[in-house]
Amino acid sequence: MGCSNGGRAALIAAQHYPLEFDGVIAANPGFRLSRAAIAQQWDNQALMKIAPKNEKGEKIFANALTKDDLDKLSQAVLEKCDALGGLKDGIINAWEACKFNPKSLNLEKQKIEAIEKIFNGAKNSKGEQIYSGWFYDSGVSAEGWRQWKLGDSQSAKPNARNITLSSGSVNYYFLTPAQPNFDTINFDFDKDTPKTFETVAINDAISTSLSTFSANGGKLIIVTGVSDPVFSAKDQRDWFKKLEADNENSQNFAAFFALPGMNHCGGGNGIDDVDPLSALEAWHEKGEAPKSMLAKSKTYAGKEFLVCAYPKVATYVGGDASKASSFVCK
């Protein structure tokens with residue numbers, strides 16, 4: 001059981017050592033780590049391009065998108081998609097069905113273009129997808145999203161995790177051979193992407209054929225935040241759909257839960273408190289497949305939520321909106 005790189009390690013355990021573990025929980029897993037590292041450079045370049053300058057003429061990366069900008073984005077996404085689950089409650093339960101166009105935002109053109117570029121995902125000059133896009137969700141206005149994508153440094157030295165972590169990981173690990181003096185802000189998505197391929201076989205947990213794990217009685221639960229800013233929930237969804245296609249009766253051993261509004265391994269402004277361990281124990285020891293989980297939120301104290309196993313969606317059917325019993329999985 002692990003989150004982030006620990007979630008990646010959890011998937012590696014199921015894929016590479018299928019007889020060693022009969023229960024695995026992978027939360028917000030960085031399973032396609034080498035591609036996510038490139039996606040960080042894609043985002044960094046899009047934001048640096050529009051970063052405003054201070055009185056010294058220095059670009060302030062953190063101000064490329066202000067708090068007000070992201071609040072407007074979050075509210076607009078909620079207005080468009082919140083009611084898709086049958087109730088306007090600040091949680092986009094039908095996250096997969098949310099079709100949002102940032103051109104509707106009351107923002108400067110260059111900011112809208114940067115948002116579109118980021119959410120459409122990294123591509124090479126031929127338009128071929130390098131890393132998946134991202135789901136539009138309310139958690140973009142939360143502090144956890146900003147910490148990864150933008151940071152808050154008001155100096156010429158950015159402190160966004162996408163930048164501070166890249167100088168070590170891209171230069172010394174993902175690029176083969178290592179290039180200590182490489183400037184990540186100039187990453188070339190045609191020429192430099194192939195230089196990262198050597199690390200794919202080492203660390204990317206992308207295998208979907210889990211027949212040995214399944215035959216050994218293994219159970220796998222994946223949990224991720226729809227508003228995760230570093231490992232895309234869309235990429236995780238696409239991987240899980242391939243797992244379903246590649247494994248007969250996959251529902252007998254694998255389940256995927258997406259938490260609306262949650263950032264990376266917690267935080268955000270949506271559902272951020274679930275108990276996959278109890279669900280795994282009930283599944284493995286009692287044969288009770290996890291069709292849903294009860295959940296809570298720091299943002300909505302005192303309220304219960306229902307989180308459904310993919311592809312079903314928690315849908316309001318009437319009653320007290322603060323009780324999970326007022327929702328069913330459809």
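Which side chain of opposite charge is nearest to D82, and how far away is it? Select D82 and K88: K88 is the nearest, at 6.3 Å. Here Lys and Arg count as positive, Asp and Glu as negative, with His and the chain ends not counted.

This is a predicted model, in which local features need pLDDT of at least 70, side-chain atom pairs count only at pLDDT 80 or more, and totals for chains, interfaces and linings use all residues. Residues are numbered from 1 along each chain as its sequence is written, and side-chain values use heavy atoms, with hydrogens and water left out.

**Stop 1: D82**

Stay on D82. It is buried but has no salt bridge. Buried means under 20% relative accessible area, exposed over 50%, and partly exposed in between (1.4 Å probe, protein chains only). A salt bridge needs a side-chain nitrogen of Lys or Arg within 4 Å of a carboxyl oxygen of Asp or Glu. D82 sits in the loop between α3 (67-81) and α4 (109-120). Helices (H or I, at least four residues) and strands (E, at least two) are DSSP runs, numbered from the N terminus.

**Stop 2: the largest nonpolar core**

Select L73, F100, L105, I115 and F119. Of the 49 residues in the largest nonpolar core, these touch the most other members. Such a core is a set of buried Ala, Val, Leu, Ile, Met, Phe, Trp, Tyr and Cys residues joined through side-chain atoms within 4.5 Å. Two or more residues each come from α2 (33-50), α3, α4, α5 (143-149) and α7 (166-174). The largest share, 10 residues, is from α2.

Zoom in on F119. Beyond its neighbours within four places in sequence, F119 has contacts (heavy atoms within 4.5 Å) that include L73, W134 and W145. Apart from this core lies another, of 24 residues, with A10, A14, A205 and F213 among them.

**Stop 3: two cis peptide bonds**

Select T176 and P177. Their peptide bond is cis, with omega about 0 degrees. P177 is in the loop between α7 and α8 (200-203). Next, go to Y310 and P311, where the bond is also cis and omega is near 10 degrees. P311 is in the loop between β8 (305-308) and β9 (314-316).

**Stop 4**

Most residues other than glycine have a negative phi. Select N28: its phi is positive, near 40 degrees. N28 is buried, at 1% relative accessible area. Finish at C265, with phi near 60 degrees. C265 is partly exposed, at 35%.
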